[in-house]
Amino acid sequence: MIRLGTALKTKEPPFHRCLVISDPQSSGGQVVLVRLTTDDGTWPDRDCILTPAEWNELEHDSTVAYTTCKYGPAVLALEAAIQGGRFELISSPSQAVLRRVIAAAHKAAGMPPAAKKLLAQI
């Protein structure tokens, strides 16, 4: 079941990690999904950088790509994508890391205003 903190890994290169930072159960199934991508210093999103020490599912320092977030009523679509083999469920980050990702999302200039309205309140 897709919920706040659900973490996914794409099954195709470059195997991005994705994280649900909304609470679909309290927002009528609305999902905000952010992707984490390699922090090579060139990505425009610099609001939240995570390290493998902070989340063991990461292989290297990664930035949360708020500018490319996906949002909307996507619970069923995400569950179908998992069942169809496009994503695999992975362990979620700690509550502290999840709170940091969400707090940065509230302030991130690249995060669409409509997505900010859906962010979880933790």
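**Inside the core**

Tutor: Of the 26 residues in the largest nonpolar core, the ones touching the most other members are Leu19, Ile21, Val34, Leu50, Tyr66, Val101 and Met111. A nonpolar core is a set of buried Ala, Val, Leu, Ile, Met, Phe, Trp, Tyr and Cys residues joined through side-chain atoms within 4.5 Å. Buried means under 20% relative accessible area, with a 1.4 Å probe and protein chains only.

Student: Which element gives the largest share of this core?

Tutor: Helix 2, with six residues. Strand 3, strand 5 and helix 2 each supply at least two. Helices (H or I, at least four residues) and strands (E, at least two) are DSSP runs, numbered from the N terminus.

Student: What is Ile21 in contact with?

Tutor: Leaving aside neighbours within four places in sequence, its partners include Leu4, Val32, Val34, Tyr66, Leu98, Val101 and Met111. Contact means heavy atoms within 4.5 Å.

Student: Is this model predicted or experimental, and how are residues numbered?

Tutor: It is a predicted model: local features need pLDDT of at least 70, side-chain atom pairs count only at pLDDT 80 or more, and totals for chains, interfaces and linings use all residues. Residues are numbered from 1 along each chain as its sequence is written, and side-chain values use heavy atoms, with hydrogens and water left out.

Student: Back to helix 2. Which residues are buried?

Tutor: Val97, Leu98, Val101, Ile102, Ala104 and Ala105. They sit on the same side of helix 2, because they cover an arc of only 160° around the axis. That arc is taken from the directions from the helix axis to the C-beta atoms.

Student: What covers them?

Tutor: The cover includes strand 2 (17-20), strand 4, strand 5 and helix 3 (113-116).

Student: Now the strands. How many bridges between strand 3 and strand 5?

Tutor: Eight, in the antiparallel sense, between residues 30-38 and residues 62-73. Two strands pair if DSSP finds at least two bridges between them. Leu36 stands opposite Val64 in strand 5.

Student: And strand 4? Where does Leu50 stand?

Tutor: Strand 4 (residues 49-50) runs antiparallel to strand 5, joined by two bridges. Leu50 stands opposite Ser62.

Student: Last one. Ser22: buried or exposed?

Tutor: Buried, with a relative accessible area of 0%. Ser22 lies in the loop between strand 2 and strand 3.

Student: What does the side chain of Ser22 reach?

Tutor: The backbone oxygen of Gln30 at 3.2 Å, and the backbone nitrogen of Val32 at 2.8 Å.

Definitions and conventions: Buried < 20%, exposed > 50% of the residue type's maximum accessible area, 1.4 Å probe, protein only. Polar contact = N/O pair within 3.5 Å; in protein donor to acceptor, adjacent residues only side chain to side chain.
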